[in-house]
Amino acid sequence: MALDKQTIAKRYGKALFETAKEQDVLTETSSELAQIKQVLQAEPQFVDFMTSVAIKHDAKLEMLKNLQSGTSELTSNLLAMLYDYRRIANLEDIIDEFNRLTDEDEKTVRATVTTAVELDQTRKDKIAASFAKVVGAKKVELETVVDPEIIGGVVLKSSSYVFDGSIKSKIANIKRLLLK
């Protein structure tokens, strides 16, 4: 029975998280995985290369060694194991699961804030602090997006919370009420 992507990501991500936590290397592992994820996103053909039957095993091992260079033993072992078990295509999902578990452990929430104009650091900090109180987080990592179409206000989204205080949505609500 073949496992689905989500099950694979959860199993490997959890095992990696627990091992990194036991070894007290969460920060180091998280940093290495962030760098690997950047490589995966910059080189989307990497997974195709590593899973292709047309590519020789030696070429794949050389590519794997390049990815492993400069990483800790834990991260290097993860990459080797994923390659050996033919799960290298799940690497990005495993990294995402590891990050989710790390955020949960550290009570960190990642959110996207959309505004009509660029926010200065003071406003970002105020929004992050207010949102942290609402969701009970110790830390909020904000990704900012500028979208002039929302006209004004703020749209704040995390994995479990959406706050739409944009003028665009308020106008849409008024229109809806007028058309009733």
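Colleague: How many residues does α5 have, and what span does it reach from its first C-alpha to its last?
Modeller: In this predicted model, α5 has 12 residues and reaches 16 Å from its first C-alpha to its last. That is close to the 16 Å expected at 1.5 Å a residue.

Colleague: Which residues of α5 are buried?
Modeller: L74, T75, S76, L78, L79, L82 and Y83 are buried in α5.

Colleague: And what covers them?
Modeller: The cover over the buried residues of α5 includes α1, α2, α3 (45–51), α4 and α6.

Colleague: Let's take α2 then. How do the axes of α2 and α5 cross?
Modeller: The axes of α2 and α5 cross at roughly 45° and come within 9 Å. That angle makes α2 oblique to α5.

Colleague: Which residues make the contact?
Modeller: On the α2 side they are T29, E32, L33 and I36, and on the α5 side L74, T75, L78 and L79. Among these, L74, T75, L78 and L79 are also on the list of buried residues of α5.

Colleague: What's the breakdown of that contact by class?
Modeller: The contact of α2 with α5 has 5 nonpolar, 2 polar and 1 charged residues.

Colleague: While we're on α2, is S31 buried or partly exposed?
Modeller: S31, which sits in helix α2, is partly exposed, with a relative accessible area of 38%.

Colleague: How far is S31 from I150?
Modeller: Their C-alpha atoms are separated by 34 Å, and S31 and I150 are 119 residues apart along the chain.

Colleague: Is R86 buried or exposed?
Modeller: R86 counts as exposed, at 75% relative accessibility.

Colleague: OK, moving on to α6. What are its length and span?
Modeller: Helix α6 covers residues 91–105, so to speak its 15 residues, and reaches 21 Å from its first C-alpha to its last. The span expected at 1.5 Å a residue is 21 Å, and α6 is close to that.

Colleague: Which of its residues are buried?
Modeller: The buried residues of α6 are L91, I94, I95, E97, F98, L101, T102 and D103.

Colleague: What covers those?
Modeller: For the buried residues of α6, the cover includes α1 (5–22), α2 (26–42), α4 (57–68), α5 (73–84) and β1 (108–115). In turn, α6 is among the elements covering the buried residues of α5.

Colleague: And which residue with a positive phi follows α6?
Modeller: K107 follows α6, with a positive phi near 55°. K107 is also a residue other than glycine, and it is found in the loop between α6 and β1. With a relative accessible area of 46%, K107 is partly exposed.

Colleague: Switching to rings now. How many aromatic pairs are there?
Modeller: The count comes to 2 aromatic pairs. In one of them, the rings of F17 and F98 have their centres 6.3 Å apart and their planes at 65°, so that pair is edge-to-face.

Colleague: Where do F17 and F98 lie?
Modeller: F17 is in helix α1 and F98 in helix α6, 81 residues apart, so the pair links distant parts of the chain. Both F17 and F98 are buried.

Colleague: What about the geometry of F131 and Y161?
Modeller: The ring centres of F131 and Y161 are 5.3 Å apart and the planes are at 55°, so this pair is tilted.

Colleague: Which parts does that pair tie together?
Modeller: F131 lies in helix α7 (residues 121–135), while Y161 lies in the loop between β3 (154–158) and β4 (162–164). The two parts are 30 residues apart in sequence.

Colleague: Last one. Where is L177, and how far is it from A111?
Modeller: L177 is found in helix α8 (residues 167–178). L177 and A111 are 30 Å apart in space, C-alpha to C-alpha, and 66 residues apart in sequence. L177 is exposed, with a relative accessible area of 53%.

Definitions and conventions:
Residues numbered from 1 in each chain as written. Predicted model: local features only at pLDDT ≥ 70, side-chain atom pairs only at ≥ 80, totals over all residues. Heavy atoms only, no water. Helix = DSSP H or I, 4+ residues; strand = E, 2+ residues; numbered from the N terminus. Expected span 1.5 Å × (residues − 1). Buried < 20%, exposed > 50% of the residue type's maximum accessible area, 1.4 Å probe, protein only. Contact = heavy atoms within 4.5 Å. Phe/Tyr/Trp six-rings, centres within 6.5 Å; stacked < 30°, edge-to-face > 60°. Axes fitted to C-alpha atoms, helices over the stretch in contact; angles between N-to-C directions. Parallel < 35°, antiparallel > 145°, perpendicular 65-115°, else oblique. Nonpolar A, V, L, I, M, F, W, Y, C, P; charged D, E, K, R; others polar.
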